[in-house]
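Thank you all for making time this morning.

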Amino acid sequence: MPDFSAQPLQPGDYYLTPEGYLVFTEQYHRRRGFCCGNGCRHCPWRAAKDRNRGSGKKI
């Protein structure tokens, strides 16, 4: 697994919620290149898994 922590955040990689939480965007996840498995709000791989749930396909 790559050491993604060495790459600086770029504009558009995250936003802050009204409660003050930092939320990573789909742009960030796609640049990172893999799913961490934590169920992130904007994970493009989680969305694909949800679409294929029950179809018998593996991702």
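I will begin with the basis of the values, then turn to the overall fold, and end with a few residues.

What you see is a predicted model, in which local features need pLDDT of at least 70 and side-chain atom pairs count only at pLDDT 80 or more, while totals for chains, interfaces and linings use all residues. Residues are numbered from 1 along each chain as its sequence is written, and side-chain values use heavy atoms, with hydrogens and water left out.

The protein has two helices and two strands, where helices (H or I, at least four residues) and strands (E, at least two) are DSSP runs numbered from the N terminus. Along the sequence these elements follow the pattern β-β-α-α. The accessible surface comes to about 4,700 Å², and 52% of that belongs to carbon and sulfur atoms; such areas come from the Shrake-Rupley method with a 1.4 Å probe, and for residues only the protein chains shown count as cover. Of the 59 residues, 20% count as buried, buried being under 20% relative accessible area, exposed over 50%, and partly exposed in between, again with a 1.4 Å probe and protein chains only.

Let me now turn to Tyr-14, which lies in strand E1, residues 14–16. Because its relative accessibility is 38%, Tyr-14 counts as partly exposed. If we leave aside neighbours within four places in sequence, Tyr-14 is in contact with Leu-9, Leu-22, Val-23, Phe-24 and Thr-25, contact meaning heavy atoms within 4.5 Å. The C-alpha atoms of Tyr-14 and Glu-26, which are 12 residues apart along the chain, are separated by 8.7 Å.

Which residues form a nonpolar patch on the surface with Tyr-14? They are Leu-9, Leu-16 and Leu-22, and with Tyr-14 the patch has about 380 Å² of accessible area together.

Thr-17, by contrast, sits in the loop between E1 and strand E2 (22–24), and is buried, with a relative accessible area of 11%. Beyond its neighbours within four places in sequence, Thr-17 is in contact with Val-23 and Arg-41.

Methods. Patch = residues over 30% accessible without salt bridge, like charges linked within 9 Å, V, L, I, M, F, W, Y side chains within 5 Å. Salt bridge = Lys/Arg side-chain N within 4 Å of Asp/Glu carboxyl O.
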